[in-house]
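Please have the sequence and the model open side by side.

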Amino acid sequence: MKRTLITTSLGLFIALSSLTSVHAGEGHDHGDAPATPSANGPQRQPDGSVFLPKPAQRQLGVRTVVTEAAELPRTLELGAKVLMDPNAGGKVQALNAGRIEPGPRGLPNPGQTVRKGEVLAYVASSAAPIERSNQAAQLAELRAAKALADKRLARLQELSDTVPRKEIEAVESESASLSARIAAVGGGLSSREALVAPVSGVIASANVVAGQVVDARELVFEIVDPTRLRIEALAFDAAVASNIGGATVAVGEQRIPLAFIGASRSLREQALPLAFRAQGAALDQLAVGQPVRVFVQTKDKVKGIAVPVAALMKNPANQTVVWVKTGPERFEPRPVTTEPLDGVNAAVTSGLTSGDRVATQGATLINQVR
């Protein structure tokens, strides 16, 4: 009887519990309420914006800058190439054909520092067998004539009291002339040309090995000063040359200012070459012949906002966008139109207003949030 009463009471309690609404206590979520963005971490919102909690911003290294409108120079982006400065670089060529022999320090390696006037290598002159035999025969004749002249001079000096002084001087002059001719012909048979560094700098290219036979005027070594280079840009509009206010070239994240030297007066492949001078330690990252992009700033102005190039992203519609921080944990994409500025920064001409906070570092990771 007691067991039946307990069973009935338990069933009644369960039935009443199923009819009563159950509420979660404070600070607990039983799954009935929709999840908040903070519960799921970084995510893309229905309106296209991105919710990014503060811990995630610190983990992704997100950095922002406050934009400011200004008058910016209108910039043209031109294709260019790195050249050596003719006043700070040079080429070493052989004047005569011959065989390469190492210099006092051996043959220089690419990247090795050399000083002006330093002997880099020797070229042992090569001559045809008939030429060498003719020179040897001429040298033998000169030596025989020199021996006769010396004997005649010795006899005249013994008779100096009875022989006129002018005859003795004539024989002395003949002997000296024969000595000089013997030295010249003998040096031609065994001479070797010294290849000397014309400037101080770094070996940019070495095109020979020991024992290699080179022709006359063949390029053997190329020397450049890595801190002084020339940049040659090609402009398809000849009017650009008279409207240059400044120019820069971007090397990694660094911006190197260029000094405009002048423009050529003849077209090359329907383009006008523009010469710029570059100086600075950042030029160590460039090599002669390397293609680069030069940003030529004209004297014309355009109203815009300068933002780092790293802030420019592409959305699924292939539009250029920047991510603007509109809240402590909210980033909104803004389609913008841009123009080149200096290679490191770009000029935003529409889509932003002064005072917007634009994401620079970490913008790529924000753009990937889904």
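The paragraphs that follow take these topics in turn.

This is a predicted model, in which local features need pLDDT of at least 70 and side-chain atom pairs count only at pLDDT 80 or more, while totals for chains, interfaces and linings use all residues. Residues are numbered from 1 along each chain as its sequence is written, and side-chain values use heavy atoms, with hydrogens and water left out.

Strands of a sheet pair through backbone hydrogen bonds, either parallel or antiparallel. Here, an open sheet of four strands runs in the order β5-β12-β10-β7, with antiparallel pairing. Strands are DSSP runs of E with at least two residues, numbered from the N terminus, and two of them pair if DSSP finds at least two bridges between them. Strand β7 is joined to β10 (residues 201-206) by two bridges; Val-114 has Gly-201 in β10 as its bridge partner.

In soluble globular proteins, nonpolar side chains tend to be buried together. A nonpolar core is a set of buried Ala, Val, Leu, Ile, Met, Phe, Trp, Tyr and Cys residues joined through side-chain atoms within 4.5 Å. Buried means under 20% relative accessible area, exposed over 50% and partly exposed in between (1.4 Å probe, protein chains only). The largest core has 24 residues, and those touching the most other members are Ile-231, Leu-258, Leu-274, Phe-276, Val-294 and Val-296. Elements giving two or more residues to this core include β4 (69-84), β13 (228-235) and β17 (291-308). Leaving aside residues up to four places away in sequence, Phe-276 touches Leu-229, Ile-231, Leu-258 and Val-294, among others; contact means heavy atoms within 4.5 Å. A second, separate core of 16 residues includes Val-92, Ala-94, Ile-203 and Ile-223.

Which loop holds Arg-217? Arg-217 lies between β11 (213-214) and β12 (219-224). Its phi is near 65°, a positive value in a residue other than glycine, and Arg-217 is exposed, with a relative accessible area of 70%. Asn-318, in the loop between β18 (313-314) and β19 (320-327), has a positive phi near 65°. Asn-318 counts as exposed at 56% relative accessibility.

Finally, the pocket. The residues lining the largest pocket include Gly-252, Glu-253, Pro-308 and Gln-361. A pocket is an open set of points on a 1 Å grid over the protein atoms alone, where a 1.4 Å probe fits, with protein on both sides within 12 Å along at least five of seven lines; lining residues have an atom within 4 Å of a point.
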